[in-house]
Amino acid sequence: MKAKDQKDRKRDNKSANGQSVKLIQTKIIDDVFTDAVEMVKPKFEVNYDAYLERLWQANGDIYDILKNAEHLESARDSLMTYLEKAEREIFKVDNDLHILEKATVRECIRAFKSIIGQVNEYRTGVSALDCLWKLARKKVNELEHDVSVGFLMEFINLFRGVAGRSNIYFETREAKKGIPDFLKLHGEKASEIRTEILDSMGGTIQRYFKKYPSGLDPDVQDWREENKKRILNYFKGTEEDWNDYKWHLKNVIKDAEPLLNLIELTHEQETAIKKAAKNRIPFGITPYYLSLMDQKITIGYDSAVRAQVIPPPDYVDILSENKADRGVIFDFMGEHDTSPVELITRRYPGIAILKPFNTCAQICVYCQRNWEIDQVLDPKALASQETIKEALSWFDEHKSVGDVLITGGDPFIMKDNSIKQILTELAKKKHIYRIRIGTRTPVVLPMRMTDELIKILSEIHQPGRLEVALVTHFEHPYEITPDAMRAVQRIKKLGIGVYNQTVFTTENSRRFENARLRRDLRLIGVDPYYTFNMKGKAETRRLMVPIARILQERKEEARLLPGLDRTDEPVFNVPKLGKNHLRSWQDHRLVMIKPDGARVYEFHPWEKNITPVPPYNYVDVPIYDYLEELAARGENIRDYRTIWFYY
Ligand code: SF4
């Protein structure tokens, strides 16, 4: 959409489908927008021309270069010269910018050079520079793409960053009253001042933590006791039934009706569930997991729990429309090309995945294997004896694989004798020194940790010879309950470690939300292991969080916790290749900002410096779109203002 059209549409106050949209009132103040949150649909009301004006004000030198360049190439040359000069400036002794602001300048210059580099335009097929140049020369009609406000926001911040005016430190309380230079003081006085600063940070963390109640909180436990009674009453079950995992499996909810009778649903949720059931889109909720949902929608704490299993309408639409090809188009990780034999996936020298069972007690909306899971508790989910045998014997031919991950579907939904048989066969192989079991049962079906299952695990786990480890998947502190804790503790008593993989989504990415999850996980005996960037899949786009937010969370929130609470590593899974550590600059770089505001990153494979594997370009969700989603959840967007400076 061209700038003018965009402006007109904003005035029009209509969404693309013609419905009236209640907009957030947004003003530009300094480098970010400020908002009065009042909305139904997440769309900021913006004055496009004011943003454009702000862009040019952000860095007058850059504006002059763009405006005065007769040709795109002369704009590129002049900008490169300007950036090189700016880079030299920050190394001068008499440059009095704060040393941390200088670090931001360096990063912004590096990012900007990369974005205007010709090779990156060639590789991404987009030129942000072309957009900027035409906007500066008022050649809006010649723009090849619509230029969004998200794009402008990226460059407003980048321009300011290059000029040493990121304002990252400008508005903090400490900055306003003058940062106390406790390093120049000594002894008690220095400690007192430092303590004051740390107390203030600690108080902030505590205030945020209160926003996200845990399932261990006494009030929440009381509500859930009521939920349990209501659900048992509906299914005509007893207390004994509730403690029996088979009862839960028998009563897994696969249709809208039980939900409508037991909890309030939005119209959107109800329609999506009915459609999912009709189109046989995998969908299911255990009665136990349903008890974690609040009866009324208005309480709002359970948003992440609902979002985990209640499919959004666009997800149902996309999956229904592409049902015939889903095995191919939803295989984001390219597992078809990394499976040497049926049931095995391999991306690393020492690790392989074994998938003997392809269903779960319930289906996570963003599951990376939604292309191969047919339905919840599919009776045909267990692979044939022969296929399992062949997969197991594959390990005999590949003795460098010593770590086996048995995963999804959820292996703990298999019958005990199947679990025992597979584990026993693997344990016989002398080169296998670890078996990891990927299961979500501690979260959705904690009563699965029966005496019999515990006995099987205790027989396989042999310290010094063969380690068994459990990898589970808590998404939110609201999922942490006394039942989940008991299940984890039963495993831990065997000396078996329990680790957590969190998928970072719009449902758990608010300020300090993931930090609280980490802390509460440690309390019940689970070690945070990975935080995953959500897969770039169209069907779950609204849940996606930009990479910049993961980096910001890690730096500004996780870092404030004790080391034992932040043992997880934020990672991006490169299709076909595997995990890429997001914290290290050496493994990825920003190469482009698309006109819709989406960043394009070049990911280097984990084999970098070992074998020459080509990089992978990833188009992220625009930061601006994500901020709109957060605003829809009532977040104050100013809280996230530094997000633009994470690359
Ligand atoms: S538990 Fe794992 S395999 Fe099962 S639906 Fe969720 S993400 Fe997919």
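Predicted model: local features only at pLDDT ≥ 70, side-chain atom pairs only at ≥ 80, totals over all residues.
The charged pairs come first. A total of 43 salt bridges is counted. One of them joins the side chains of Glu121 and Arg76, with a distance of 3.0 Å from N to O. Because Glu121 belongs to helix H6 (residues 118-124) and Arg76 to helix H4 (residues 72-89), this pair ties together parts of the chain that are 45 residues apart in sequence. Glu121 and Arg76 are both buried.

Arg448 and Asp416 meet through their side chains in a salt bridge of 2.7 Å, N to O. Arg448 sits in the loop between helix H22 (441-444) and helix H23 (451-460), whereas Asp416 is in helix H21 (residues 416-428), and the two are 32 residues apart. Asp416 is buried, as is Arg448. Elsewhere, salt bridges that share partners connect Asp217, Arg516, Arg519 and Asp520 in one network.

A salt bridge can also lie within one helix. Lys229 pairs with Glu226, and their closest N and O atoms are 3.7 Å apart. Both residues lie in helix H11 (residues 218-235), with a separation of three residues, about one turn of the helix. Glu226 has a relative accessibility of 46% and therefore counts as partly exposed.

The loop between H11 and helix H12 (239-242) contains Lys236. Phi of Lys236 is near 55°, which is a positive value in a residue other than glycine. With a relative accessible area of 73%, Lys236 is exposed. Leu343 likewise has a positive phi, near 80°, and it too is a residue other than glycine. Its place is the loop between helix H19 (326-329) and strand E3 (344-345). Leu343 counts as buried because its relative accessibility is 14%, the cut-off for buried being under 20%.

His248 is part of helix H13 (residues 245-250). Its relative accessibility is 0%, so His248 counts as buried. When neighbours within four places in sequence are left aside, the residues in contact with His248 are Asp241, Trp242, Pro287, Tyr288, Leu445 and Met447.

Thr502 is buried, its relative accessible area being 4%. Its side chain makes a polar contact of 2.9 Å with the side chain of Asn500. Beyond its neighbours within four places in sequence, Thr502 is in contact with Phe474, Glu475, Asn508, Asn514, Leu517, Tyr530, Thr531 and Phe532.

Ile99, Leu100 and Tyr169 make a nonpolar surface patch of about 290 Å². Of these residues, Leu100 is found in helix H5 (residues 99-116). Leu100 has a relative accessibility of 42% and so counts as partly exposed.

Technical notes:
Residues numbered from 1 in each chain as written. Heavy atoms only, no water. Salt bridge = Lys/Arg side-chain N within 4 Å of Asp/Glu carboxyl O. Helix = DSSP H or I, 4+ residues; strand = E, 2+ residues; numbered from the N terminus. Buried < 20%, exposed > 50% of the residue type's maximum accessible area, 1.4 Å probe, protein only. Polar contact = N/O pair within 3.5 Å; in protein donor to acceptor, adjacent residues only side chain to side chain. Contact = heavy atoms within 4.5 Å. Patch = residues over 30% accessible without salt bridge, like charges linked within 9 Å, V, L, I, M, F, W, Y side chains within 5 Å. Areas by Shrake-Rupley, 256 points an atom, 1.4 Å probe, with all protein chains shown as cover.
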